[in-house]
Amino acid sequence: MKITKAERAAVFAKYDGRCAYCGEPLGDRWHVDHFEPVVRKLEWAPGGGVRTTSECYNPERHAMENLMPACAPCNMDKSSLNVETWRRKLEGACGVLRRNQPTYRHALRFGLVAENEARVIFHYEALNASLSRGHAEGVDVGLKR
């Protein structure tokens, strides 16, 4: 699914050149993410295995209001998950690390890392909450997705 340079620039500007999810500044190699996933169709690849095609199950979701600027790590980790499923995955990361990574368990034992039960708040959510507070206080702001 292609977008024009102007559309790409508009997506980049949605959060002032920052990833909609983690808030990090976007470099030159950022991704356009479908907030509600389009879920690409798969096909058998020559030699075995599967690969994605250019076709998707939800082509109606390929619309400007559903496109978000994302850093490569966030977009690749989110993959075709919806944002709430991805949030739950991220919130379970410490448990996965405890189960699978001895180095992480050592770091916990020696107080080098501290876990918490914080809810994952994405950058676009924090920004919208801040803008909403400003609007409630009489500051003229425009809400973004």
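Start by selecting Asp-33 and Lys-78: the two form a salt bridge, with their closest N and O atoms 3.2 Å apart. Asp-33 sits in strand E1 (residues 31-34) and Lys-78 in helix H2 (residues 72-78), so this pair ties together parts that are 45 residues apart in sequence. A salt bridge here is a side-chain nitrogen of Lys or Arg within 4 Å of a carboxyl oxygen of Asp or Glu. Both Asp-33 and Lys-78 are buried; that word means under 20% relative accessible area, while exposed means over 50% and partly exposed lies in between (1.4 Å probe, protein chains only).

A word on what you are looking at. This is a predicted model, in which local features need pLDDT of at least 70, side-chain atom pairs count only at pLDDT 80 or more, and totals for chains, interfaces and linings use all residues. Residues are numbered from 1 along each chain as its sequence is written, and side-chain values use heavy atoms, with hydrogens and water left out.

**Zoom out to the whole chain**

Switch to a cartoon view, and you can find six helices and four strands. From the N terminus on, the order is α-β-β-β-β-α-α-α-α-α. The radius of gyration is 19 Å, well over the 15 Å that the globule rule gives for 145 residues, so the chain is more spread out than a compact globule. That radius is taken over C-alpha atoms, and the rule is 2.2 Å times the number of residues to the power 0.38. Helices (H or I, at least four residues) and strands (E, at least two) are DSSP runs, numbered from the N terminus.

Along its principal axes, the C-alpha trace spans about 60 × 50 × 25 Å. Of the 145 residues, 30% count as buried. Now show the surface: the chain exposes about 9700 Å², and carbon and sulfur atoms supply 55% of it. These areas come from the Shrake-Rupley method with a 1.4 Å probe; for residues, only the protein chains shown count as cover.

Select Lys-41 and Glu-55, a salt bridge whose closest N and O atoms are 3.9 Å apart. Lys-41 belongs to strand E2 (residues 40-44) and Glu-55 to strand E3 (residues 50-56), so the pair ties together parts 14 residues apart in sequence.

**On to the helices**

Pick Arg-98 and Glu-115 now; this salt bridge has its closest N and O atoms 2.4 Å apart. The pair links distant parts of the chain, 17 residues apart: Arg-98 is in helix H4 (residues 93-100), while Glu-115 is in the loop between helix H5 (102-109) and helix H6 (123-136). Arg-98 is partly exposed at 37% relative accessible area, and Glu-115 is partly exposed at 30%. Then highlight Glu-84, Arg-87, Arg-119 and Glu-125, which salt bridges with shared partners join into one network. A search of the whole structure finds eight salt bridges.

**Last stop: Phe-110**

Where does Phe-110 sit? Look in the loop between H5 and H6. At 65% relative accessibility, Phe-110 counts as exposed. To finish, draw a C-alpha to C-alpha line from Phe-110 to His-34: they are 40 Å apart in space and 76 residues apart in sequence.
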